[in-house]
Amino acid sequence: MIRGTTTRNRRDSQGTGTTRRALLATGGALAMGSMAGCVGRIASAATNTIATPAIHYGGGAGTVALSYDDPSNRALEADPSTVISLVGSVDGSVGPVSGSVDLEGWFTNSSTKAQDYNSVRSNKRRSEYQPEPGDPVVDVLERERSLLETVGSCLEALEDRDRAAATRALETMARTIDEIQELIESCPGDVCKTVREHADTRHLGTRRAQTALEDGNWDEATEEVEAVKDVVEGDIVLLEATLEPAADELAPVDAAVYEYLAGDPTVGERFVFSLPAASVPGGGPALADSLTPGRVLSGLADDGRSCAQDDNTLYCWGNNERAALSSVIDPDGNAERGVRATTTRDGVCVTGVPADADGASSVLAVSQERASSAHFQARSKRRNTLEEWGSETDSGGIRVTSTFVCPVAATPPGCSAPIPALLWFTRLTRGDQCLYAGGWLIDDGALYADSCTLLVADGLPEVLDVTSADADRRNAISGRLERELSAQGSMVYDGAAGSDLLRHCPDVFRSGEGLEEITTLAAASISKRSARTGRNPQTGKEIQIAAGVDDGTDGEIRCVCTHLRGPVLHLEDDSCSADGRLDRCERTLHGLESA
């Protein structure tokens, strides 16, 4: 069987008559299962049995932050990686000799934290919008409610044939409509524009009712006032929807999430797990093929308990007691959101959008097709079809699959409720090893008004072979990177959607059509309500509300942005070998992250 464990001293193979990169002859039994369950037993043999650790390059966040034009913008650096050694055993035989051979892998992950995440966002959270004093929408809504009360009094007077009371009510209605017209001039947003257009209709209806009343035509006066009432009720529903934008556009977010984000929260995480490209000689199945994108997603969501459930577990990225990721991942916990991308020849950008938005997908497979006129492509996938990685692109001898991106929920340590997030991962094959690199980042558009999360890439991931000696040399890594964005590594930009943000984006998105495209994509992350049926709170009457109602503000968009395909450092020497110590390996890898 193959089982993942955490160990401080990794043992050598014994009693097999084979080397560490052993070849098991056919006739042995290799129990292979997915990270979330069994895929059956394969009577076969395994080729390469050892992998070396890999990590994401941390980048130079400190120097980038100093160049920001706006001091409120910041660069979030990842913490040093946690290193987990995975040791499994394969039972088999070579001729008359039988025994056990180690199958070794590694898992590294680092967390990104941010202080006072809520405080740097000037906009209000979606699930609990509180209008500021003097907000023109509030003042207009107050007058509209007052107008509705007066309309009700007028209808009662008309029904009672009380000419004096009806006349006074109509005069009050006219004055209130004048006040609304004055207030609406200083109220921005589409909803105020709609209410402004309705003001003339209400004024005209009120004058007609007054004329009808003077002529003694009670029924005509009543009809005109009823028509004014319908318009006022519709405006009230629109205005109330503006002040509570989360009521029908997003699932409620637990208040504990915002409380957690107000402290020193984990807002993202990156990981790389490396495995030997073990395969069955004679054309049999390869471990890399059995570990499909769907199983990777399920395994990242696993809390470690399945490792102890049976003997057919492939790798449980933990130690049978806990998952390797510091956060608990729920692949179905952010169902109200989808993902959408904009692609060009020289860059791609992905963001989270409402699940019912145009172009939204539950999963995107982002690839780089060198022969295509559209250099980058983003294909929509369904969760139940992630059974293969698809075509690979060769980059200097490294085979790169599509990068899979999807909305999930992540519950970091210390947070009692899940946070909406975007998760991504890809497979990199180097010789006889496979590296599965990815991460997750908070989905700001699901939590805040005027806020979004952008995942960008300008090429294939740069994978550098490194040694322990590189950890002690200044610029040993940054000096070898070929692209500008690669030097920023796994840092996360947190700031306004302006010039500082563009420094973290591919060059193609910094001007012209590319800038227009990424601006449109960022705006799409901010939920716009679809057309729906509303209900007047005073009368209970159903009213149709048009699509596209916003919150009546022109607030600046704030973004978190990171690289979808950041550099990966793959250790080539034996500083993390079986006879070494894990703490020494950790020191080496931490040095490489910042070299």
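**Note on a predicted model: sheet, salt bridges, cysteines and confidence**

1. Strand β18 (residues 451-457) and strand β23 (residues 558-563) run parallel and are joined by 6 bridges. Within this pairing, S451 has R558 of β23 as its bridge partner. Helices (H or I, at least four residues) and strands (E, at least two) are DSSP runs, numbered from the N terminus; two strands pair if DSSP finds at least two bridges between them.

2. On the basis of the note: this is a predicted model, in which local features need pLDDT of at least 70 and side-chain atom pairs count only at pLDDT 80 or more, while totals for chains, interfaces and linings use all residues. Residues are numbered from 1 along each chain as its sequence is written, and side-chain values use heavy atoms, with hydrogens and water left out.

3. β18 and β23 belong to an open sheet of 6 strands with mixed pairing, in the order β4-β20-β23-β18-β10-β9. The edges are β4 and β9 (337-343), each with a single partner strand, so one side of each has no neighbour in the sheet. On average, neighbouring strands here are turned by 25° against each other, direction ignored. Helix α10 packs on the sheet and touches β9, β10 (348-354) and β18 (contact: heavy atoms within 4.5 Å). The direction of α10 makes about 25° with that of β10; axes are lines fitted to C-alpha atoms, for helices over the stretch in contact, and angles run from 0 to 180 degrees between N-to-C directions.

4. The count of salt bridges is 17, each being a side-chain nitrogen of Lys or Arg within 4 Å of a carboxyl oxygen of Asp or Glu. R74 lies in strand β4 and D494 in strand β20 (residues 492-496), 420 residues apart. Both R74 and D494 are buried (buried is under 20% relative accessible area, exposed over 50%, partly exposed in between; 1.4 Å probe, protein chains only).

5. R503 and D69 also form a salt bridge, at 3.0 Å from N to O. R503 sits in the loop between α9 (499-502) and α10 (512-525), and D69 in the loop between α1 (61-66) and β4 (74-76), 434 residues apart. R503 is partly exposed at 27% relative accessibility, whereas D69 is exposed at 55%.

6. A further salt bridge joins K113 and D79, again 3.0 Å from N to O. K113 is in strand β6 (residues 97-113) and D79 in the loop between β4 and β5 (82-94), 34 residues apart. Both count as partly exposed, K113 at 38% and D79 at 31%. Elsewhere, shared partners join D69, D500 and R503 into one network of salt bridges.

7. The whole structure has 0 disulfides, a disulfide being a pair of cysteine sulfur atoms within 2.5 Å. The sulfur of C349 is 6.2 Å from the closest cysteine sulfur, that of C505, so it is too far away for a bond. C349 is buried at 0% relative accessibility, and C434 is buried at 2%.

8. The chain averages a pLDDT of 75, and 71% of the residues score at least 70; pLDDT is the predictor's confidence in each residue, from 0 to 100.
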